[in-house]
Protein chains: 2
Amino acid sequence: METICKRFHFRIINNCIKRIIVVDKHKQSFDSFLKNFKKTVSNLGLKNSTQKDYILKILYFTDKHLSVEDIIKIAKQEYKIDMGIATVYRTVKFFEDLNIVKSLDIADKAKRYELNISLHHDHMICTSCNKILEFNDEIIEEQQKEVAKNNDFILNDHIMTIYGLCENCQ
Amino acid sequence: METICKRFHFRIINNCIKRIIVVDKHKQSFDSFLKNFKKTVSNLGLKNSTQKDYILKILYFTDKHLSVEDIIKIAKQEYKIDMGIATVYRTVKFFEDLNIVKSLDIADKAKRYELNISLHHDHMICTSCNKILEFNDEIIEEQQKEVAKNNDFILNDHIMTIYGLCENCQ
DNA sequence: ATGCATGCAAAGAGTTTGCACCTAA
DNA sequence: TTAGGTGCAAACTCTTTGCATGCAT
């Protein structure tokens with residue numbers, strides 16, 4: 001059972017959703033996303049910058065979970081732009097505050113960042129090759145609400161990460 | 001529906017299990033646990049030390065998730081022992097390798113450690129007061145296996161953390 | 001013109017490592 | 001006796017901050 005969800009560029013396999021980012025197809029939606037973002041920044045009384053734009057663009061057009069160093073490297077290689085590390089840290093933090101970016105802790109290593117504009121999903125991390133797979137499972141989502149309710153806890157967010165061996169590393 | 005599981009010092013509420021560590025009751029079981037641990041260390045051709053013993057004891061007799069600094073503080077206050085920070089880092093890492101300790105990443109802060117000798121459980125963290133509640137939910141556990149299976153992933157471990165507001169902070 | 005944003009470098013926080021000394025076996 | 005353990009300090013990695021300058025509005 002496999003369906004392709006064109007709208008969100010997700011492939012749905014047995015209730016699990018893997019994100020497939022098809023860069024070119026996003027082009028148009030990115031432009032409007034960026035425009036919208038810039039407006040939000042203005043409305044907050046803050047200033048736009050090419051750095052913010054590029055960091056957003058880099059996060060938008062990747063299927064990976066990037067560290068701050070990754071972002072700087074991509075900016076340099078793909079866009080021939082040098083960005084100060086402090087700027088990138090400040091910007092991803094700002095994006096987190098705006099709730100358009102989520103951070104992900106991977107054992108021992110630097111924090112990684114990803115855009116938070118698609119469906120909520122969780123992660124499977126291969127402990128051998130460090131590959132990150134994404135999934136979304138309705139039953140787990142529902143059951144979490146149940147658990148929170150039973151503990152008088154107001155659920156705002158959650159992280160779920162499965163560690164193991166991916167197909168190739170077994 | 002509420003049962004008390006005396007053996008493991010857990011209270012079971014609506015399928016959710018909260019750990020209640022009753023320190024005194026553990027006394028006897030700790031002694032045998034420690035004995036067993038020391039034997040394991042010997043069998044590995046490694047050496048025991050009072051530092052290892054105390055770190056194990058501190059982790060055993062707490063219901064909190066301790067950072068390395070916490071462990072040093074408790075050692076000093078409760079047991080009048082000074083331990084080098086490097087020793088504590090090395091020891092908790094060693095415990096992790098032995099699979100008797102698990103580490104827990106909390107946003108932005110130092111890693112926290114807990115013993116891994118009881119039932120598997122996950123965490124709910126209050127974003128207001130930082131309190132950590134533990135829970136275990138069979139449906140979620142099962143569904144994770146399902147997800148892993150559907151993605152050709154061999155599940156070894158997982159982390160699940162719910163963020164929200166606890167009863168008191170709402 | 002104003003005030004937020006940037007980049008650099010220095011400072012901080014958390015963790016690891018080298019080394020001389022100590023101690024369990 | 002000797003291999004591993006410990007504590008100190010230095011090193012390292014990741015992240016934050018202060019400040020002069022740059023740039024969007």
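Contact, in these notes, means heavy atoms within 4.5 Å. I applied that to the two chains and got 38 residues from chain A and 38 residues from chain B.

**Ground rules.** I am working on a predicted model, where local features need pLDDT of at least 70, side-chain atom pairs count only at pLDDT 80 or more, and totals for chains, interfaces and linings use all residues. Residues are numbered from 1 along each chain as its sequence is written, chains are lettered from A and ligands numbered from 1 in the order written, and side-chain values use heavy atoms, with hydrogens and water left out.

**Symmetry.** I superposed the copies by least squares on the C-alpha atoms of residues with pLDDT of at least 70 in both. A rotation of 180° with 0.0 Å of shift along its axis puts chain A on chain B, RMSD 0.1 Å. The two copies are therefore related as by a two-fold rotation axis. Next I looked for the C-alpha of chain A nearest the axis; Met160(A) has it, at 2.0 Å. Both copies use the same surface, since 100% of the contact residues of chain A recur in chain B.

**Buried area.** I took this as the accessible area (1.4 Å probe) that two parts lose on being put together, summed over both. Chains A and B bury about 3,500 Å² between them, 61% of it on carbon and sulfur atoms. Asn151(A), Phe153(A) and Tyr163(A) supply 18% of the area that chain A buries against chain B, more than any other three residues.

I looked for salt bridges (a side-chain nitrogen of Lys or Arg within 4 Å of a carboxyl oxygen of Asp or Glu). The count between chain A and chain B is zero.

**Strands.** I read strands as DSSP runs of E, at least two residues, numbered from the N terminus. Two of them pair if DSSP finds at least two bridges between them. Which strand of chain A gives the most to the side that touches chain B? Strand 8 does, with twelve residues. Eleven bridges join strand 8 of chain A to strand 8 of chain B (residues 154–165), and the two run antiparallel. Leu155(A) stands opposite Gly164(B) there. Within chain B, four bridges join strand 6 (residues 122–126) to strand 8, running parallel. On that side, I found Ile125(B) opposite Tyr163(B).
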